[in-house]
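This report looks at a few local features of one protein model, one place at a time. Please keep the sequence and the structure in view while reading.

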Amino acid sequence: MPNIFNIGLGNDNPAIRENAESDYISFWADQAKKLSWFSSWEKTLQWNPPFAKWFEGGLINASFNALDIHQKDKGKKPAIIWVAESGESRILTFEDLWIEVNKFANVLKSLGITKGDRITIYLPMVPELPISMLACARIGAIHTVVFSGFSSISIKERIEDSKSKIVVTSDGGYRRGQIVKLKEVVDEAIQNLDFVKNVIVLEHTKEPIQLTSKDKLWGELMKGVSSECEPEKLDSLHPLYILYTSGTTGKPKGVLHGTGGYLTHVHSTFGWAFDIKDDDVFFCTADIGWVTGHSYVVYGPLLHGATEIMYEGAPDYPDSSKMWSIIQKYKVSIFYTTPTALRMFMKFGDHIPNSFDLSNLRLLGTVGEPINPEVWKWYYMIIGKEKCPIIDTWWQTETGGMMISALPGIETISLKPGSGTRPIPGVHISVVDENGIEVTPNTKGYLIIKKPWPGMLLTLWGDDEKFKNAYWSKFPNAYYSGDYAKIDQDGYFWLLGRADDVLKIAGHRIGTAELESCIVSHEDVAESAVCGIPDNVKGEVIIAFAVLLDNVKKNSELIKKEIFEKIRKDIGPIATPKQIHFVKKLPKTRSGKIMRRLLKAIANNETIGDISTLEDGAAVTEVQTAFNNLLESINEKNN
Ligand code: WTA
């Protein structure tokens, strides 16, 4: 099989790249003009590093751009086709969605919510999730969606940080035939949080729930409410949302996105990457609790007036053909998913997708983690039947939208499995060494972004200092992504995994520090370190090492069980390690930094290899001793 695939959709618009290259600022202004503004901005970009102000003074509203502008031509067009794992489904047209959003915006107002207030949304993948987000956007409230797999302690942390006045949740959500009781999780999370005035509970599963004095039922609130709510005319820089994500420090970071710049970025990339047409049926499998869902389930498709599938449940439930049967039934033409999902589908066997009619597919995409070339080829052959381009899109919660991707909507480019191809027009990405010097082709380095881009986070919620330190302190005047990459001789980018202490488990971002502090908070644990090792489905899985306190008498299997439970309870099941090893000592450098590479090598049963390149110049003998000690103590414990 070749390693280069020449496949495009016949679109060729070289002017886009040419314009971006000649003046990236006016290029982005041209893209922004494709949205509906109540009034134009004064200056396209004010760059006061590291703070970028895009389109300041321009007045805009995200829900107006997602819904109102489509009412005349596309009111009766399906916007969201909601499908649940049970087979249940609902279709909401652009008009239906617009009415619900207006009504819910009025509900929020009636509960005292005004511009700038924060609202936490903890809902399963149901249409009321985008409805809640767009209702917030309509009145200028800032939504902060928390993935419905997170535990009460994680939600509490996020609600406390954002000081949300209202939490929107449901009586439950469906997952593998079970009902996940979300309302109970919220009840626990908001205990003693007096600033939370109300909890709005959507009656989704009809599971019996206990109501408290703060609780209001969605159905009751929506009765008799006016379906007209004027959209607020908001400054381009008005915050649209906070989305918490894991970083290298213990606490999750509240990534803050604005309105005009973010919408411009998402609108542009959605069109360029997915070549969206009026009759397309788009299906992105991401949960809205993550950034992919924000940008390419909610804002991107709706800004373009596209029809999309929204799925609630596990992708392989009730059986492993679920995704293919949805694609066949609803004639999906564009499919965007994760390499983890693809590796799982691939393991189930070709006969499953081969027994479905996937002939409407014309474009495929992946996101969230590197895709192995063999999985890429399987996606290309078995799902795309050698006729669909595959876009491998690199970006981050912080970038707001895609930054590196093939763009079949505007150009044809040869695809190389495993490479995201090139940066999108109007962004400036490079790969540098430790000193910030650009590396030569095919050399691994750090991926940085050299100039501001419209989807760029405004800051971290309430913490400009942390924003500066986390992203702008490693290299002068450049955004540090935390990723390794290389650029090949043809200018193609290859993403080579995280360079920092962030793990990507099944495409989800998990901070090692967050997990370690959770493990250490177990009463018998003195110290802990976690690392990721390769896994042929999830990409990476977590291996945890812990040093127990001296006088612990408890059975170590029991402690392990307790730690597993604690992680599920404090963070959520996605952060559960595959293994926990008890050790006497953790390998550290002289400066006290845990040598994760050593841990990884040990967890992988590898030899330590070249240790002379270890960060902060740790002495080889010191490392060797630490390695041997660790190995010995693992063996001892395991015997
Ligand atoms: C990783 C997800 C390789 C990367 C949109 C990045 C990728 C992190 C790719 C951001 C890709 C994302 N190839 N790696 N196509 N896309 N990543 O914030 O490590 O959840 O820094 O955003 O995912 O994860 P986040």
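## The start of helix α2

At the start of α2, a side-chain oxygen of Asp-23 comes to within 3.1 Å of the backbone nitrogen of Ile-25. Such a polar contact is a pair of N or O atoms within 3.5 Å, where, within protein, one must be able to donate a hydrogen and the other to accept it, and where residues adjacent in sequence count only if both atoms are side-chain atoms.

The model is a predicted one, in which local features need pLDDT of at least 70, side-chain atom pairs count only at pLDDT 80 or more, and totals for chains, interfaces and linings use all residues. Residues are numbered from 1 along each chain as its sequence is written, and side-chain values use heavy atoms, with hydrogens and water left out.

## The buried side of α2

Helix α2 covers residues 24-32, and Tyr-24, Phe-27, Trp-28, Ala-29, Gln-31 and Ala-32 are buried in it (under 20% relative accessible area, with a 1.4 Å probe and protein chains only). These buried residues pack against the helices α1 (14-22) and α10 (260-274), and also against the strands β1 (43-48) and β2 (51-56). Helices (H or I, at least four residues) and strands (E, at least two) are DSSP runs, numbered from the N terminus.

## Thr-421 in its loop

Thr-421 lies in the loop between β20 (390-393) and β21 (429-432), and Thr-421 is buried, with a relative accessible area of 2%. The side chain of Thr-421 reaches the backbone nitrogen of Ala-406 at 3.1 Å. Leaving aside residues up to four places away in sequence, Thr-421 touches several residues, among them Ile-404, Leu-415 and Tyr-492, where contact means heavy atoms within 4.5 Å.

Definitions and conventions:
Buried means under 20% relative accessible area, exposed over 50%, partly exposed in between (1.4 Å probe, protein chains only).
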